[in-house]
Amino acid sequence: MLKEYYTINNNEIRVQIEDSKIDAIKNKNITYKSVRVFDEEKKILSLASAVGNVPDSELEKKATNLLSLNIPFEYELERDTKGNFKKDKLSIKDSQSLEKFTEKVLNDLKDVSQNFVINGAVYTTRYKKSLKNSLGLDLSSEQTYLVCTLMLKQKGSGNIFDTGAAIYGFDITENQYQNFLNDTKFVTNACLSKEVTLESGKYKILCEDNYLLRKFYSDVMGDEYEEKSSLLTGKLNEKIFHESISINECHNYEKFVTFLPFDDEGIVRKEELVVVDKGVLKSIFYDKKKAKKYGKVSTGNGFRSYNSNPGISPRGFRFIGVEKSAKELIADDLVIIPSISSGGDFLPNGNFSLPIQMAFVFKNGEFIGKAPQITLTGNYLDSFNKDFIAIGKNDILPEALNETLILSNMTVNVN
Amino acid sequence: MLDLLKSLNIHQYDCDLIDIRIEETNPLQISFYQKELSNYMEEKKLGAFIRVYANKRWYFTTTTELSELEKELHNLLKSANISTNRNEKKDIEYNITNINNLNGDYAYKKSKEEKIVFLNKIRESFENDPLLINPWVGWKDNVLQKYFINNKGTAYSYNKAFSAIAVRYELKQDENIYNAYFNRTVQYFKDFSNFIEEFQKDFAESKLFIDAPTIEPGKYITVLGPQATGIFAHESFGHKSESDFMLGDETMVKEWEIGKKVANECVSIIDCGINDKVSGYCPFDDEGNPAQTTYLIKNGILTGRLHNETTAKALNEDNTSNARAISFEWEPTVRMRNTYFEKGDLTFDELIKPIEKGYFIKTVNHGSGMSTFTIAANKSYKIENGKITDPVKINIATGTVFQTLHDIDAISDKIELFSQVFGGCGKNYQWPLDVSFGGPYIRVKSLNLS
């Protein structure tokens, strides 16, 4: 009988902001754990989990009893791999220094709070994960990071919030902090600015990749791809996007506070995974189970919560080889930049509808006002092919928007 | 467990407010994916959340070590600069309420083997269909036992249990794909007795949507089914009624003055914690206050909003007992319970009869609400000359909340409520909260569909 031990410890200090003031301080230190047992002869597995410091022996016993459910497994477990990965450079380590940091943020945004109510939270997390098995696998990781997310509600507005601001990182540099303050001032001023009159029709939209790639994420999952429910089935090594699009999946991506040096099946990732290279689809994601089923090799994308078996999940995506600046892309035109979108959806054919609650209108590189309430429609494959114009490094709002921005033509419906 | 909490004698500390909430949950989840058992999880989660209010600030901590509650409380008091010395002369008479709901043939009480047999029957009813891709069938139990005490003399315990079965799958014919989802949430096992028949009916209906045409985007007369109506009530108006968003914004409070006309007069929306048949049941909130029914809109007039103790005091209004947390790991904030539209007086046929051209959104994938609300439709139909006709693909319906509330011009005479076990409400990091929602069929004069 093989055994696998999975433990997560989440130690968090949180300062909560309500009505532009510190309202609460919270400490949380919780351990989540599970034991899986594998019967190699019968090719079955089971899992027992708990919140809190329950002894492993108790979970082993429970998991062994649950083998009678006959949950199948066919794959080989990782073995004889050791590693201890650490990202611990956060200078804010205790509740006093976090409170001080929060007070500084509120003080630096004093002007903003004249017109906006600031709600939100600033928190630090020390996140430890450990994965061991009886075949000599012994991996652990530890990371500390800070997240500050603010919801900014314009006084007198009927909205729950009107815009937002965030800063997060394994540590916060002075440059990053200044960008955060500048971006927050920009988005709040944009809220207060006049609304630009737009007619429904085709416009150039400069947007973050996550608006467009939600359907792509499911299209590159091994089970979707192999079962032919993906729009990309059969297109591995074929051109799917414009040639200026290259995307890597990253295990260590500071901008997104992504640090996942191994997956939850013990596969250590040392290099970024090339997903799209100059428009050509290069990878489909598999965990061990799906890889075995479809005759492929796991890409190290078996992730799980402490109380479930793994499923396929990608880490962060990063556009590479981007040379132009976003400012350059919008220098000579009227361009809409979405800032807040909620509630959009994709149809299985890739068509999307994205309601935009806040967008900025730029003309010839200058901000001219906020957009009215609009809905963007299009097809994500078209957005990276026939409707694609260019991709640029975000030098417009470096903290408020992603690292790269996509410029494409989309249909704008004014609500 | 209440005895454990009482034994801490929290009233003996010199502190404005202390409360402790212990929650024991027994979640269970079974799932089949691609025709085989892929997950079985059952566990007991037991933990406590402690709140201290002192010097105009909240201090929170959470722990799974109940044997160390006193130590955790002392640490928290020290953080708040409150003495841990007791005044042992201070005495208190606790007002204790115990509510036990879990008698009877609750679905969660079935053995894991019986649950698996039942899921297998569901699987067998559709798994060999040639159009089927990636079927997922799951069972989930949410069983909650909650205990609460505060230093003002309130103590309660209550429990509730809901179980759900959900089926998710894709259907593919030629190049056309339809994503389908079907679920039922119940308390008693007998309420699953028609599950397979209902599912098969829905499965057959799903096939109509594989090659259904996509509509031309535009503004149309739209009829929302009870699920869409409930999501609209919750996402569009319910969240705006949560008064923590109004703190510090006097202009908004004036703008949202009670008594203001905010909707057509046929519209009444309620938030209620006392209906023990739905997952939004919450007889006491997480600040120890008993539930009641709150009209948010009555006959088109703004009549109430949702409060916890802090917001009620700040806005000088009655507390509506809406302080809720998703689990023992979180602090309570202002949240909804069971939020729904009241019924009107038309039958469904009468409601659609005058519509020459419009659309009917029967079921929904998800919804959200900010300045505009969004409903992502799943099964939708054309309405032509007063009749439901062909299936169509609608991606989303959007609109401005207040305009849409005024544009609702007819409401049907029966309501349906939807409980949630798979999923729930999300707000400020806390997801999923067990809420419920629903309503009748409603007709909207003009809604953006795309």
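Buried residues have under 20% relative accessible area and exposed residues over 50%, with partly exposed in between (1.4 Å probe, protein chains only). At 22%, A:Asp19 therefore counts as partly exposed. This is a predicted model in which local features need pLDDT of at least 70 and side-chain atom pairs count only at pLDDT 80 or more, while totals for chains, interfaces and linings use all residues. Residues are numbered from 1 along each chain as its sequence is written, chains are lettered from A and ligands numbered from 1 in the order in which they are written, and side-chain values use heavy atoms, with hydrogens and water left out.

**Interface of chains A and B**

- Contact, meaning heavy atoms within 4.5 Å, involves 70 residues from chain A and 63 residues from chain B.
- The buried area between the two chains is about 5800 Å²; the term stands for the accessible area (1.4 Å probe) that two parts lose on being put together, summed over both.
- Carbon and sulfur atoms give 52% of that area.
- The interface of chain B and chain A holds 5 salt bridges, a salt bridge being a side-chain nitrogen of Lys or Arg within 4 Å of a carboxyl oxygen of Asp or Glu.
- B:Arg57 and A:Glu99 form a salt bridge with their closest N and O atoms 2.6 Å apart.
- Between chain B and chain A, 35 residue pairs are in polar contact, both residues at pLDDT 80 or more.
- A polar contact is a pair of N or O atoms within 3.5 Å; within protein, one must be able to donate a hydrogen and the other to accept it, and residues adjacent in sequence count only if both atoms are side-chain atoms.
- On the side of chain B that touches chain A, 22 residues are nonpolar, 26 polar and 15 charged.
- In that division Ala, Val, Leu, Ile, Met, Phe, Trp, Tyr, Cys and Pro are nonpolar, Asp, Glu, Lys and Arg are charged, and the others, Gly among them, are polar.
- Strand β2 (residues 21-39) of chain A runs parallel to strand β5 (residues 57-63) of chain B, joined to it by 5 bridges.
- A:Ile25 has B:Tyr59 as its bridge partner in β5(B).

**Salt bridges**

- Side chains of opposite charge can pair when their charged atoms come close.
- Over all chains, the structure contains 53 salt bridges.
- A:Lys21 pairs with A:Asp19 in a salt bridge, the closest N and O atoms being 3.4 Å apart.
- A:Lys21 is partly exposed, at 48% relative accessible area.
- B:Lys71 and B:Glu68 form a salt bridge with a closest N to O separation of 3.5 Å, and B:Glu68 is partly exposed at 32% relative accessibility.
- B:Lys427 and B:Asp244 meet in a salt bridge at 2.9 Å, N to O.
- These partners lie 183 residues apart, B:Lys427 in strand β25 (residues 425-427) of chain B and B:Asp244 in the loop between α5 (226-238) and α6 (250-255) of chain B.
- Both B:Lys427 and B:Asp244 are buried.
- A:Asp88, A:Lys93, A:Arg126 and A:Glu142 belong to one network of salt bridges that share partners.

**Sheets**

- Helices (H or I, at least four residues) and strands (E, at least two) are DSSP runs, numbered from the N terminus, and two strands pair if DSSP finds at least two bridges between them.
- In chain A, 4 strands form an open antiparallel sheet in the order β14-β13-β10-β17.
- β14 (280-281) and β17 (316-319) of chain A are at the edges with a single partner strand each, so one side of each has no neighbour in the sheet.
- Strand β13 (residues 273-277) of chain A pairs with β14(A) in the antiparallel sense over 2 bridges, and A:Asp277 stands opposite A:Val280 in β14(A).
- In chain B, 6 strands form an open sheet of mixed pairing in the order β13-β12-β11-β16-β27-β24.
- Its edges are β13 (301-302) and β24 (416-419) of chain B, each with a single partner strand, so one side of each is without a neighbour in the sheet.
- Strands β11 (residues 269-272) and β16 (residues 338-341) of chain B are antiparallel and share 4 bridges; B:Ile269 has B:Phe341 as its bridge partner in β16(B).

**Two asparagines**

- A:Asn10 lies in strand β1 (residues 2-18) of chain A and is buried at 14% relative accessibility.
- Leaving aside neighbours within four places in sequence, A:Asn10 is in contact with residues including A:Tyr32, A:Thr125 and A:Arg126.
- B:Asn75 is in helix α2 (residues 69-79) of chain B and is partly exposed, with a relative accessible area of 37%.
- The C-alpha atoms of B:Asn75 and B:His366 are separated by 42 Å, the residues being 291 apart along the chain.
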